[in-house]
Amino acid sequence: MNKINLPDNWSQVSISQFMEISSLDKDLDNYSLMVASILSNVDSEEIRKYNTDSYNRIMSHLSWTNTLPVDGNWKPILEIDGEKYGFINKLSDLSLGEWVDLENYIDNYSNNIHKVTAILYRPLITALNDNFRIVEDYDSNTMELRAEFFKDKVNIDDVYGSLVFFSIIAKMCTSNLSHYFLVRSQMEIEMRKSGGNLSRRKRRELGRKLMKEPEKKNGLGTLLFTDWQRAILQKLSPSAS
């Protein structure tokens with residue numbers, strides 16, 4: 001039997017491998033065998049030929065795969081081949097285009113983990129402290145290239161916690177985003193029309209519309225959206241991990 005190399009934990013598993021494992025049906029009889037094949041890069045039929053003791057040792061060694069990566073292990077800054085990539089500083093910094101892309105990818109999350117990661121982690125310009133980072137502006141073209149790069153260069157343990165928290169908050173927020181940006185655009189148009197001198201009453205009316213309409217449609221207003229942003233940033237702060 002040829003020697004087989006197996007990872008000891010999720011910190012040695014790439015995003016690509018995790019995506020393959022996530023796509024498997026756990027109810028399949030050969031699920032554990034397929035996981036072993038993905039993580040060892042050895043054909044499953046070859047592993048089947050191993051004697052019982054060797055096969056059982058492999059399965060026992062991979063028992064940690066029955067538990068998902070730990071949420072708190074994520075890193076706000078990734079360093080890969082001498083380059084640094086920082087997690088976005090605030091969810092409120094995301095543009096409508098970024099939210100739309102993220103919403104599409106989250107709908108098929110297990111196949112798009114690398115793309116979600118590439119949107120949230122971008123080339124780092126500077127890190128002023130542990131909680132404040134400046135990253136490059138979003139570019140869908142460079143994101144696609146970075147996503148492919150991340151698939152095999154980033155281990156899932158370094159980013160899993162940030163992706164879990166973000167996906168939860170994003171699913172809760174995206175239903176209100178279209179209305180949010182529509183009304184915000186209307187307010188900007190009104191401000192331009194007034195030469196930046198929009199009356200306090202008019203600003204209050206537009207702001208009230210911004211908060212109340214989502215509540216009528218979904219029962220969740222922009223005020224809650226802001227609260228979710230605040231909560232997720234607290235969870236994603238390095239001091240909480």
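**Exercise 1. The aromatic cluster**

Are F18 and Y160 buried or exposed? Decide this, and then describe the ring pairs around W10, F18, W64 and Y160.

*Solution.* The model is predicted, so local features need pLDDT of at least 70 and side-chain atom pairs count only at pLDDT 80 or more, whereas totals for chains, interfaces and linings use all residues. Residues are numbered from 1 along each chain as its sequence is written, and side-chain values use heavy atoms, with hydrogens and water left out.

Step 1. F18 and Y160 are both buried, a term that stands for under 20% relative accessible area, with exposed meaning over 50% and partly exposed the range in between (1.4 Å probe, protein chains only).

Step 2. Searching the whole structure gives eight aromatic pairs, where rings of Phe, Tyr and Trp (its six-membered ring) pair if their centres lie within 6.5 Å, and planes under 30 degrees apart count as stacked, over 60 as edge-to-face and the rest as tilted. One of these is the pair of W10 and W64, which is edge-to-face because the ring centres are 5.1 Å apart and the planes stand at 90°. W10 belongs to the segment before α1 (15–22) and W64 to the loop between α4 (52–61) and β1, so this pair ties together parts that are 54 residues apart in sequence. Helices (H or I, at least four residues) and strands (E, at least two) are DSSP runs, numbered from the N terminus.

Step 3. W10 is buried, with a relative accessible area of 7%, and W64 also counts as buried, at 16% relative accessibility.

Step 4. The rings of F18 and Y160 have centres 5.7 Å apart and planes at 70°, so this pair is edge-to-face. F18 lies in helix α1 and Y160 in helix α8 (residues 156–193), so that the pair links distant parts of the chain, 142 residues apart. Ring pairs link W10, F18, W64 and Y160 into a cluster.

**Exercise 2. The sheet and the helices on it**

What is the order of the strands in the open sheet?

*Solution.* Step 1. The four strands follow the order β1-β2-β3-β4 in an open sheet with antiparallel pairing, two strands being paired if DSSP finds at least two bridges between them. The edges are taken by β1 and β4 (132–135), each of which has a single partner strand, so one side of each is left without a neighbour in the sheet. On average, neighbouring strands of this sheet are turned by 45° against each other, direction ignored.

Step 1. Strand β3 (residues 121–129) is joined to β2 by three bridges, and the two run antiparallel. In this pairing, Y85 stands opposite P123 in β3.

Step 2. In helix α6 (residues 113–120), eight of the eight residues are buried, so the helix is largely enclosed by the rest of the structure.

**Exercise 3. Positive phi values**

Where do N41 and D81 lie, and what are the phi values of N41 and D81?

*Solution.* Step 1. Most residues other than glycine have a negative phi.

Step 1. N41, which is not a glycine, has a positive phi of about 60°. N41 sits in the loop between α2 (31–40) and α3 (44–48), and counts as exposed at 73% relative accessibility.

Step 2. D81 likewise has a positive phi, near 50°. D81 is in the loop between β1 and β2 (83–87), and is exposed at 57% relative accessibility.

Definitions and conventions: Axes fitted to C-alpha atoms, helices over the stretch in contact; angles between N-to-C directions.
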